[in-house]
Amino acid sequence: MNYILKTSDHETYHIEYVLPESDPRRILTMLEALDTDFIPALSARIDLNAYARKISTYAVVFYVKLNEKDCGECSIYLNKNSGGYITSFGILKRYRRTGVAGLLLDTVISYCKSQNYPEIGLRVSSSNFIAQKLYLSRGFQPFESDGKWLEMKLAFCPF
């Protein structure tokens, strides 16, 4: 476990990341709390328990905490050759509009850059304009759409 201190809206948030083979109960709790905030609802598409087990086994999970309480998460699968793929990203409603989503995404991007991953990809609902705006503001570019989902990618320039 690692902690990174970030400040947003006069609050100090801690961003902790846990490596694969972590406890699936923590991510399951977050997924359940965020379930109906996903467009469409996550539980309408997948089994939350199985998804939590998959994430905890294979992904690095970044948690945003305020006063020791999880208030958001970003789960990313990482592969040195192909890069990262954000499989889940969400902030609990009462912590939105504080800048914490941007802090979380910035932390994930910085982590991937520092570990020399070539890019980060993700898939977002074509109707989730708020999330798209966040990703675009951080340099993600759309590259494919089927009308329902938009695939986006952030490629890192080699130095």
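Which residues have the most contacts inside the largest nonpolar core? They are Phe62, Ile86, Phe89, Leu104, Tyr135 and Phe140, in a core of 51 residues. Keep in mind that this is a predicted model, where local features need pLDDT of at least 70, side-chain atom pairs count only at pLDDT 80 or more, and totals for chains, interfaces and linings use all residues. Residues are numbered from 1 along each chain as its sequence is written, and side-chain values use heavy atoms, with hydrogens and water left out.

**The core**

- A nonpolar core here is a set of buried Ala, Val, Leu, Ile, Met, Phe, Trp, Tyr and Cys residues joined through side-chain atoms within 4.5 Å; buried means under 20% relative accessible area, exposed over 50%, and partly exposed in between (1.4 Å probe, protein chains only).
- The largest nonpolar core has 51 residues, and its largest share, 8 residues, comes from helix α3 (residues 100–114).
- Leaving aside residues up to four places away in sequence, Phe89 touches Phe38, Glu73, Cys74, Ala101, Leu104, Leu105, Leu134 and Tyr135 (contact means heavy atoms within 4.5 Å).
- Helices (H or I, at least four residues) and strands (E, at least two) are DSSP runs, numbered from the N terminus.

**The α1/α2 pair**

- Helix α1 (residues 24–34) packs with helix α2 (residues 48–58) at about 130°, and their axes are 8 Å apart; axes are lines fitted to C-alpha atoms, for helices over the stretch in contact, with angles from 0 to 180 degrees between N-to-C directions.
- That makes α1 and α2 oblique to each other, the label left over once under 35 degrees is roughly parallel, over 145 roughly antiparallel and 65 to 115 roughly perpendicular.
- On the α1 side, Pro24, Ile27, Leu28, Leu31 and Glu32 meet Leu48, Asn49, Tyr51, Ala52, Arg53, Ile55 and Ser56 of α2.

- Pro40 sits in the loop between α1 and α2, and a cis peptide bond joins Ile39 to Pro40, with omega about -10°.
- Lys93, in the loop between β5 (83–91) and α3, counts as exposed at 57% relative accessibility.
- The C-alpha atoms of Lys93 and Pro40 are separated by 16 Å, with the two residues 53 apart along the chain.
- Asn67 is in the loop between β3 (59–66) and β4 (69–79); its phi is near 55°, positive in a residue other than glycine, and Asn67 is exposed at 67% relative accessible area.
- Asn116, in the loop between α3 and β6 (119–125), has a positive phi of about 65° without being a glycine, and counts as exposed at 63% relative accessibility.
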